[in-house]
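Dear colleague,

I am passing on the structure that we spoke about, and I would be glad if you opened it before reading further.

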Amino acid sequence: MSAPSANRPVNKRVLMLATCLCDAYFDDAAQATVEVLEHLGCTIEFPEAQTCCGQPAFNSGDWPSSRRVVRHTAKVFAGTAPIIVPSASCAAMLVHGAPLEFEKEADKGEIDALSNRAWELADFIVNGLGVKKWPGKYQAKIAFHTSCHSRGTQSGQATLTLLSSIEGVEVMAFGEGEQCCGFGGTFSVTFPNISKGMGDLKLEHVRAAHPDVLVSGDSSCLMHLSGLAEKEGKPIKTLHFAQILRDALKNGGMLAN
C-alpha cells in the first residue's frame, strides 16, 4: 500500500464524505465528526448528492461498477478542498483503491485529483492541522481497535495520539491487537463462519483487557464486533473515536451539553 501524497491540501474549508454506514446506522458518529471539525475552526460543506465510495464493488471484483460509483464521487466532490472521511476504510478506497482501478482508464486524471484530496479524520487532525493534544476530559479505559485499512497509513497512530492525550483516558493494550476483526465488508457475507471465528477471537482478547469501551476509526468493525457480542449475550460498548473527542470537549466545558 503506497502512502498518500505529501502534497495533499490542508485548509479549514473542507468537504465531508459521511460514509454509507454513518448514513444508515451511525449518524451520531457523523454528527460528532462535524462538531469536532467545527471546534477546530473548520467550515464544513456536505455535498447532498454523495453516495458510496465504491469499495463494496471494488472488493467484490466488480471494478466496472465500482468505477461508476467513484466517477460520481469525483463529480460530487469536485474542487480543491480537502475531503474528510470518518472511516479509514472509505479513505483507503479513495486514496489507494480508486487510483488502482483507474490505472488504465482514460479519465484517471480526475480520479487522481480526488485521491490526493482525501483524508481520514484523525490523519487530517494530527498530520494535516498539526493538532496532537486534545482538550477536555473523558474518564474511561479504552481498547483501541486498529482496522486493517488503517495499516500502512498514519491514521491509527494519529488516533492513538489524540486519544492518549485526553485527560482521564487510559488506552489499554490487548492480545493480537493488530489482527483483523473478521468483517472485511463482503468477506463477512462470503465467508461467514471464518468471519465469525475471527471476530470471536478479537472479542476474546478485548474482553480479557476489561475496557470500558471499544473504540475504532471504522464503524464497520465496531458494527461487526458489537453484533457478535450481542448475539453471545455479552454486549460490549463501542464508540467511534470522533464520539470520544466530541464528548471530551463537552466534559471540558468547551461544547454545549
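This is a predicted model: local features need pLDDT of at least 70, side-chain atom pairs count only at pLDDT 80 or more; totals for chains, interfaces and linings use all residues.

Residues are numbered from 1 along each chain as its sequence is written, and side-chain values use heavy atoms, with hydrogens and water left out.

The two domains

The domain assignment divides the chain into domain 1 (13–127) and domain 2 (132–251), where such bounds come from an automatic or database domain assignment. The C-alpha centres of domain 1 and domain 2 are 21 Å apart, and the contact between them (heavy atoms within 4.5 Å) takes 28 residues from domain 1 and 26 residues from domain 2. About 2200 Å² is buried between the two domains, with carbon and sulfur atoms giving 66% of that area; buried area here is the accessible area, found with a 1.4 Å probe, that two parts lose on being put together, summed over both.

Across this interface there are 10 residue pairs in polar contact, both residues being at pLDDT 80 or more. A polar contact is a pair of N or O atoms within 3.5 Å; within protein, one must be able to donate a hydrogen and the other to accept it, and residues adjacent in sequence count only if both atoms are side-chain atoms. On the side of domain 1 that touches domain 2, at least two residues each come from α2 (27–39), α3 (55–59), α5 (88–101) and α7 (121–128), and α2 gives the most, with 7 residues. Helices are DSSP runs (H or I, at least four residues), numbered from the N terminus. By class, this side of domain 1 has 15 nonpolar, 9 polar and 4 charged residues, where Ala, Val, Leu, Ile, Met, Phe, Trp, Tyr, Cys and Pro count as nonpolar, Asp, Glu, Lys and Arg as charged, and the others, Gly among them, as polar.

The salt bridges

A search of the whole structure finds 12 salt bridges, each being a side-chain nitrogen of Lys or Arg within 4 Å of a carboxyl oxygen of Asp or Glu, and 2 salt bridges are found across the interface of domain 1 and domain 2. Arg246 pairs with Asp28, their closest N and O atoms being 2.7 Å apart. Because Arg246 lies in helix α12 (residues 241–251) and Asp28 in helix α2, this pair ties together parts that are 218 residues apart in sequence. Arg246 counts as buried at 5% relative accessibility, whereas Asp28, at 30%, counts as partly exposed; buried means under 20% relative accessible area, exposed over 50%, and partly exposed in between (1.4 Å probe, protein chains only). Arg246 also forms a salt bridge with Glu35, at 3.3 Å between the closest N and O atoms, and salt bridges that share partners join Asp28, Glu35, Arg246 and Asp247 into one network.

Another salt bridge joins Arg71 and Asp107, with 2.6 Å from N to O. Arg71 lies in helix α4 and Asp107 in the loop between α5 and α6, so the pair ties together parts that are 36 residues apart in sequence. Arg71, at 27% relative accessibility, counts as partly exposed, and Asp107, at 25%, counts as partly exposed.

With best wishes
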